[in-house]
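Here's a quick tour for anyone meeting this structure for the first time. Take a look at the sequence and the model, then read on.

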Amino acid sequence: MAVSYSHCLQSLRVTPRSRLFVSNVDCWRDNRIMKSYSPVSASSKKPQQDLSLEAKVETLLDSVKWDDKGLAVAIAQNVDTGAVLMQGFVNRDALATTISSQKATFYSRSRSKLWTKGETSLNFINIHDIFLDCDRDSIIYLGKPDGPTCHTGSETCYYSSVFDLLKNPQGEESNNLALTTLYSLESTISQRKAEVASPQNGKPSWTKRLLLDDKLLCSKIREEADELCRTHEENEDKSRTASEMADVLYHTMVLLSLKDVKMEEVLQVLRHRFSQSGIEEKKSRATQG
């Protein structure tokens with residue numbers, strides 16, 4: 001069955017950096033469209049624009065270095081957190097289906113058929129972009145998951161630390177997610193928050209003090225923000241600016257923890273603002289208020 005790419009996609013090109021780019025931002029980001037769309041059989045009477053698009057997709061698929069079984073590795077990555085969600089294999093049809101449906105689709109080697117992540121669990125990975133590596137033999141699906149990716153219920157399939165296993169070969173898997181620096185900090189703050197209710201032994205950590213004292217926390221956020229601004233006003237060096245920004249991030253993340261707001265939610269808001277000016281965004285806030 002031929003796959004039609006004309007439902008959402010208006011133009012497709014491959015840049016020198018091997019990025020697969022779809023220009024229709026509204027269609028690319030609208031979950032309602034993404035959830036309602038499925039590949040359809042190509043009509044015998046297609047507009048010239050559709051034929052041109054499909055030709056571009058075929059050219060792109062021809063450029064991938066498929067192995068001797070017609071497969072390539074595909075890695076799904078969270079567009080906001082950067083977390084590696086899962087790894088699978090794709091063939092031409094799987095990649096073409098992912099482009100058209102904007103749902104992460106793979107090829108099952110055991111079942112010899114295509115499968116879309118979430119087709120059973122409904123935990124789809126909604127695709128925002130697709131990248132090819134420099135050798136054109138592996139692929140990244142950059143997307144937003146609807147729920148846990150792993151069949152175990154874990155956020156990602158990567159939760160077994162090799163170093164933890166080496167320290168305790170006979171122990172159970174640590175279930176430590178592969179967190180980047182920002183999310184490791186968020187996890188640590190979350191742990192301190194959970195410990196606040198327990199009896200305190202000795203002097204509390206700085207994080208616990210901030211969690212227990214709203215006035216102290218807010219005063220530190222204002223203080224650190226002012227110091228960050230002064231690195232610019234007083235033309236201080238880059239290392240000083242980075243240090244003050246780290247202080248701002250840390251203290252504001254403590255506040256986010258108290259408000260039960262995840263960094264992922266903040267980054268998602270930022271991503272949605274990419275397509276509008278700051279002036280438009282501020283106007284929309286006034287309308288919502």
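Predicted model: local features only at pLDDT ≥ 70, side-chain atom pairs only at ≥ 80, totals over all residues.

Residues are numbered from 1 along each chain as its sequence is written, and side-chain values use heavy atoms, with hydrogens and water left out.

A word on the labels: helices (H or I, at least four residues) and strands (E, at least two) are DSSP runs, numbered from the N terminus.

- E3 and E4 run antiparallel, joined by six bridges (two strands pair if DSSP finds at least two bridges between them).
- Ala76 has Met86 in E4 as its bridge partner.
- The two strands E3 and E4 form a hairpin with five residues between them, and Gly82 in the turn has a positive phi of about 80 degrees.
- E3 also runs parallel to E8, again with six bridges, and Ala74 stands opposite Ile139 in E8.

**Nonpolar cores**

- The largest nonpolar core has 25 residues, and Val90, Leu95, Phe106, Ile139 and Tyr141 have the most contacts inside it.
- Helix H3 (48-63), strand E3 (72-78), strand E4 (84-90), helix H4 (92-101), strand E7 (125-132) and E8 each give two or more residues to this core.
- A second, separate core has 12 residues, including Leu211, Tyr250, Met253 and Leu256.
- A nonpolar core here is a set of buried Ala, Val, Leu, Ile, Met, Phe, Trp, Tyr and Cys residues joined through side-chain atoms within 4.5 Å.
- Buried means under 20% relative accessible area, exposed means over 50%, and partly exposed is in between (1.4 Å probe, protein chains only).
- Leaving aside neighbours within four places in sequence, Phe106 touches Ala74, Met86 and Tyr141, among others (contact means heavy atoms within 4.5 Å).

**Salt bridges**

- The whole structure holds 13 salt bridges, each a side-chain nitrogen of Lys or Arg within 4 Å of a carboxyl oxygen of Asp or Glu.
- One of them joins Lys144 and Glu264 at 2.6 Å, N to O.
- Lys144 lies in strand E8 and Glu264 in helix H10 (residues 263-272), so this pair ties together parts that are 120 residues apart in sequence.
- Lys144 is buried at 12%, whereas Glu264 is partly exposed at 22%.
- Lys220 and Glu223 form another salt bridge, with their closest N and O atoms 3.2 Å apart.
- Lys220 and Glu223 are three residues apart in helix H8 (residues 214-233), which means about one helical turn separates them.
- Lys220 counts as buried at 14% relative accessibility, and Glu223 is partly exposed at 34%.

**A buried threonine in a loop**

- Thr156 lies in the loop between strand E8 (138-145) and helix H5 (162-167).
- Thr156 counts as buried because its relative accessibility is 3%.
- Setting aside neighbours within four places in sequence, Thr156 is in contact with Ala83, Val84, Leu85, Thr149, Cys150 and Leu177.
- The side chain of Thr156 also reaches the backbone nitrogen of Tyr158 at 2.9 Å.

Note on methods
Polar contact = N/O pair within 3.5 Å; in protein donor to acceptor, adjacent residues only side chain to side chain.
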